[in-house]
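Please keep the structure open while reading.

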Amino acid sequence: MLAVFYSFARSGGTLVNRCLGAIGGNYVLSEVNPHGALVSVEVQASEWLGLLRPEEVGAFGREGYGTKIGRLAEAAGMRGGHLVVRDWPTLNFLDRLFFDYFQPSLLLEQELYLARQGLAHRSAVITRRAPAVYESVVRTFDHLRDLTADKFGERYLAYARAVAGRPLIRFEEFCREPKREMQKLCGWLGVAYADSFLEGFRAFDRCTGDNRVAAASRGGRSERIEVLPENRHTPAWAAASQDAACRAADEIFGYAH
């Protein structure tokens with residue numbers, strides 16, 4: 001069974017990606033979306049996951065997105081494993097995130113493309129408190145420094161509504177109890193689980209995210225899974241904590257104010 005997990009930018013998706021990928025039998029495509037990817041599906045499939053032979057890459061690259069995912073899910077299954085798609089949903093909800101995509105649809109396009117291809121899948125969501133996400137977004141991405149809290153809140157609420165109803169892992173709880181939360185996530189997704197992820201994630205780097213940026217984040221530098229202090233003293237956190245849409249999104253994700 002194909003598995004998909006959703007995680008908005010700066011919500012802990014990279015750490016979860018590394019943990020899943022460190023478990024044998026899990027083939028994780030990192031931050032791929034029908035409208036773009038930081039590292040293309042074909043490059044990840046061939047160079048990171050070994051699901052494509054070099055001579056297959058050219059023809060595979062000309063296939064449609066849904067066809068690619070279906071073929072890779074089949075290839076992973078033939079190896080006794082599971083394909084996990086880490087969606088890049090921020091591309092569908094936030095302006096100016098990626099140069100190829102200027103008008104976010106405010107839809108979970110991953111779901112639409114997989115359904116069109118007839119690909120059954122299990123899904124789950126990795127969430128993080130809205131002020132923490134906003135503060136991290138405007139601090140991390142230079143081209144989004146002028147993103148206002150109300151504009152962010154509008155789009156983050158749209159995302160929260162789009163993924164509502166799916167099983168969710170709160171990133172804060174994942175960092176407090178990684179083994180417990182990882183067992184839950186792998187069960188929901190129907191993928192392999194092993195306690196060894198607690199050690200193995202450190203060396204796993206076949207993914208996109210804050211482990212590959214020039215100035216790694218606190219999480220990207222960490223050698224163990226731990227709860228990091230939140231930047232509640234910042235103007236960005238204060239603005240988002242007072243924004244009605246951010247608060248509504250947090251309510252959807254089960255955060256108490």
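## Cysteines

A disulfide is taken here as a pair of cysteine sulfur atoms within 2.5 Å. The model is a predicted one, and by that rule the number of disulfides in it is zero. C19 takes part in no disulfide, and the cysteine sulfur nearest to its own, which belongs to C175, lies 9.0 Å away. Seen from C175, the closest cysteine sulfur is that of C19, and because the separation is 9.0 Å the two are too far apart for a bond.

Both residues can also be described by their accessibility: C19 is buried, with a relative accessible area of 0%, and C175 is likewise buried, at a relative accessible area of 9%.

## Helix α1

C19 is one of the buried residues of α1, a helix that spans residues 13-21 and is mostly covered, since nine of its nine residues are buried.

When neighbours within four places in sequence are left aside, S123 is in contact with V4, Y6, E111, R166, P167 and L189.

L94, by comparison, belongs to the loop between β4 (82-87) and α5 (109-116), and this loop residue is buried, with a relative accessible area of 3%. Residues up to four places away in sequence not being counted, L94 touches F8, P104, L144, L147 and R155. L52 stands 42 residues from L94 along the chain, and the C-alpha atoms of L94 and L52 are separated by 32 Å.

## Packing of α6 against α7

Two packed helices are described by the angle between their axes and the distance between the axes. For helix α6 (residues 130-140) and helix α7 (residues 149-163), the axes come within 11 Å and cross at roughly 120°, which means that α6 is oblique to α7. The crossing of these two helices, α6 and α7, is right-handed.

On the α6 side the contact is made by A130, V133 and Y134, and on the α7 side by A149, F152 and Y156. Sorted by class, the residues in the contact of α6 with α7 are six nonpolar, with no polar and no charged residues.

## Packing of α6 against α12

Helix α6 also packs against helix α12 (residues 235-242), where the axes come within 8 Å and cross at roughly 140°. Which relative orientation does that give α6 and α12? The crossing makes α6 oblique to α12, and its handedness is right-handed.

The residues that meet are P131, A132, Y134, E135 and V138 in α6 and A236, W237, A240 and S241 in α12. By class, the contact of α6 with α12 divides into seven nonpolar residues, one polar residue and one charged residue. Y134 of α6 is named in the contact with α7 and also in the contact with α12.

Definitions and conventions:
Residues are numbered from 1 along each chain as its sequence is written. This is a predicted model: local features need pLDDT of at least 70, side-chain atom pairs count only at pLDDT 80 or more; totals for chains, interfaces and linings use all residues. Side-chain values use heavy atoms; hydrogens and water are left out. Axes are lines fitted to C-alpha atoms, for helices over the stretch in contact, and angles run from 0 to 180 degrees between N-to-C directions. Helices (H or I, at least four residues) and strands (E, at least two) are DSSP runs, numbered from the N terminus. Angles under 35 degrees count as roughly parallel, over 145 as roughly antiparallel, 65 to 115 as roughly perpendicular and the rest as oblique. A crossing is left-handed if the near helix is turned anticlockwise from the far one by less than a right angle, and right-handed if clockwise. Contact means heavy atoms within 4.5 Å. Ala, Val, Leu, Ile, Met, Phe, Trp, Tyr, Cys and Pro count as nonpolar, Asp, Glu, Lys and Arg as charged, and the others, Gly among them, as polar. Buried means under 20% relative accessible area, exposed over 50%, partly exposed in between (1.4 Å probe, protein chains only).
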